[in-house]
Amino acid sequence: MTRECAVLLPGVCAALADPRQPGLDDTCLEKLLDWFRSLTWFDPTVELVQDNPCLTELLSSVLALPDPSPGILSFTLQLAGILASSESRFQLLQQEKLLGRLFGPEGPRGSAAWEDASVRSAWLKGVHSMLHHLPALHCLCSTGGMDVIFTLQGDPSLFVASAASQLLVHMLTFSLESETSKALSTKDCDWPGCAQMIVGHIKESLQSSSASHVEQSLKLLSSLFGSCFGSCYAAWTEVLWSDIAKQIESFLLEETVQAQPLLANLLLNVARSPAFCGTEGSFWALVTSALEHLTPVQAGPLAVGLLKLCKCPQDVRIQALTVLLQPLDCILRAASQPLECAGLLDESVSDPATVESLLSSKTSCAGLLCQTLTHLEKLLSLKHLRVDLPCVSLLHSLMTILQFCNGFLSPSSPLGSTISRNLINCFRVQKSALDVLAALSEKRECDTLIGNLFDVLLAYLQSPNTSPTVLKKTFQATSKWLVHLQELSSSSSQWPQTEKILEDVLVVLQKRLCSPCWEVRDSSLEFLTSMVKCLRDQKEFRQCLLSSEVLRLTENLLEDPESYVRASAVTAVGHLAPIACFAPDSPVTGNQYNRESIVAKLQEILSTDSEGFPRRAVISIFTKWLREGCTGQLEDTEHFVSRVIQTVEHDLDWEVRLGGLELVEVFCSQTICQLSQCPYAPVCSAVPSSPPQNELLRVFCRAKLFGFLFGSLCDCDKPVGQRACDVLVGLRGHFYPMSTLENPQEVEDSPAGRGIAWLQRTLRQGSLAQNFPVDGDVGVDFQDPESMMLALGAIDLLELHDELNKSSDHVEESPQSLLQDILAAVGTIEDNEVDCY
């Protein structure tokens, strides 16, 4: 602790203990506790308390108050726990008889203050902070503290109940670390003292007739096995599990027990423990039993968790997959025209009637299918799945679900008719099924159904009943399958089928681009952009696209009344232009897509659109074009960049200005590469006497880059200034590669020196960009190559870079400032003494 803080601390402690003072902001108290945590973490000695007696006086004063506020009492409990986190300070506070009065039976837990949840939570936090040495653990166990924690497990406040559970996990782990004195023998072992109390409580609660007690113990066990206990104490994990396994098994067999929903999470956490990495043993038999006896909704999370484990036995893994696939198997069987048509599975894990019952119910059908589909999507995203998915049957089932949902399939079986009625226009199931459908596009086994699949997708794209959110998902799935189809047709003779599908998709797209619903128009444009990104290199795709009306309709949407749609149209046009009007062999005829017209329209949006989204999209597309070399020769590009940045520098949207700086950065990089003799080699001379260097400066000055860059350094939005500084530092590194910067005195004496000196002062003061480029009679010519060369060499850009990259709280966020703020809040120091941060 610094001397300044030590001087201020007594006043702060006195103010905190004074009931006449107004309550302090909770944030200040939390920051004060954070400061004490850092002090005690780095210094476990007793001197902190001995040298600052005001701390123990604060604890005593709060205890002496007849009715302390919950906020101050909570703060005091947590502070005491933090101070008592080292054994030496704990013993000192015990001698002062403070800890017993705070955490013992005579403390707040026996008073009216205990009714406040924040006090109970603070008591738990204080105990948690204190329990880092055995004296604290033994003290708590001997003064009835364990019973308090057990009771708080069932607290009506979820925060308090969670804190109690976390504390018990910490105590059990700490007890094993500190109290175990001999090697463990699983045949003859005794839990250490505190651990024995916790384990005994768990076993007793599991056998309780109270459902809430059973639930609390199951939650505690899940937290315990899911923590470092399960991974670091494999032998103890095995012992604990052997003590409770029979009881857990009985819960599985008693189908009426309310604790069943918690069993899946518990078993999954136990399965992750190294104690059960072998494939033999009763544990995996219990997991198998759980997959059979839990309901499909309860077993689903357990099944998908097991499939992600690398050490799960193969037979258990197959059974877990079967549990996940059962609902989809039921869908296939119910939809089969001859009922003997095979489903997904040869046999079921649990009674198929249970799944049929859930799918037959309007209330549970959608929930079960959405959960199943979500789990399958997660599995399909895994790089290494240690079990084979029946992808063809799975795809068949997904198409059946989607046809049920839009009413395009009328099954003959009674079960199929019931499921169909339950799923009609069910948006949740449609979206989940389409997500899995998109994930299946990576699987080669599904090629035989690709024609049927596009029939289903096109039906959704064409149907007026498809909701905008479902349509967006359909577009996403269609885009992925089009890529797969294109890869398939390029390696086989399937182009006629591919061409027909592409034409059908583009016809639907044209209709959707004219939709009265703006969400549909927006999704359609996003789909178009996605297609162009993925398929632009395919000649056949370009032919189909450019011979359709899609380009004209997309250009029309640049004037859409909805700003989101205009922004998406800008992005789509930006991706279409390189293949429609920038390419020399563009097949487009007439004035459908004219290069000058497109550039002019986008520049008009950049300068006049009232919304930020379209303008951001334009600057992003211009940067993309520049990267891809779509803006022509150097002279054309120079004019293009100059015009864009003159528009952008006055934009009110900081993201647009930031985009302009990215454009400038790309232009600088490309120009240096074009004009340098060796694009990838550093410049050998520190003096820019060579023609390429002089020409570079002239190009940058003609494009008016330097005015934009130096002005952006003082932008009121920090990211803009940071990016501008990065660009200027990069340019200086090119023109002054050996760090041979200009002599400040020589610069001051040069003709342009006064202007450069003014610029340096202005940047240090952080003046706003509109102050550029004149300060009285002293100006800076940002289009003069010699002046800009001097500016790059003389201005300390690295110092400016450090200033711009400092966090917003760098001015003062110290403990001293915090203590001053607290004293100011309670009115004990003058305002001008406060150093607020």
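Tutor: Gln-603 counts as buried because its relative accessible area is 10%, where buried means under 20%, exposed over 50% and partly exposed in between (1.4 Å probe, protein chains only). Before we go on, a word on the model: it is predicted, local features need pLDDT of at least 70, side-chain atom pairs count only at pLDDT 80 or more, and totals for chains, interfaces and linings use all residues. Residues are numbered from 1 along each chain as its sequence is written, and side-chain values use heavy atoms, with hydrogens and water left out.

Now, to the neighbourhood. Gln-603 belongs to helix α32, which covers residues 595-608; helices here are DSSP runs of H or I with at least four residues, strands are E runs of at least two, and both are numbered from the N terminus. Leaving aside residues up to four places away in sequence, Gln-603 touches Phe-622, Phe-640, Arg-643 and Val-644, a contact being heavy atoms within 4.5 Å. With Arg-643 there is also a polar contact, side chain to side chain, at 3.1 Å; that term means a donor and acceptor pair of N or O atoms within 3.5 Å, with residues adjacent in sequence counted only if both atoms are side-chain atoms.

Stepping back, the chain is built with 43 helices and two strands. Of its 837 residues, 52% are buried. Among contacts between residues at least 6 apart in sequence, 70% join residues at least 24 apart.

Another buried residue is Ser-397, whose relative accessible area is 0%. Ser-397 sits in helix α22, residues 391-406. From its C-alpha atom to that of Arg-333, 64 residues apart along the chain, the separation is 9.3 Å.

Lys-97 lies between α6 (87-95) and α7 (99-103), and its phi is near 60°, a positive value in a residue other than glycine. Lys-97 counts as exposed because its relative accessibility is 60%. Lys-704 is in the loop joining α36 (691-702) and α37 (705-712). Lys-704 also has a positive phi, about 65°, although it is not a glycine. At 34% relative accessibility, though, Lys-704 counts as partly exposed.

The structure has three cavities of 30 Å³ or more, each a set of points on a 1 Å grid where a 1.4 Å probe fits but cannot get out.

For the second largest cavity, the volume is about 40 Å³. Pro-296, Gly-300, Val-323, Leu-324, Pro-327, Leu-368, Gln-371 and Thr-372 line it. Helices α18 (296-308), α19 (314-335) and α21 (362-381) each supply at least two of the lining residues. Here the classes come out as five nonpolar, three polar and no charged.

Conventions:
1 Å grid on protein atoms, 1.4 Å probe; cavity = no way out; pocket = protein on both sides within 12 Å on 5 of 7 lines; lining within 4 Å. Points joined across faces, edges and corners; volume = space filled by probe spheres on them. Nonpolar A, V, L, I, M, F, W, Y, C, P; charged D, E, K, R; others polar.
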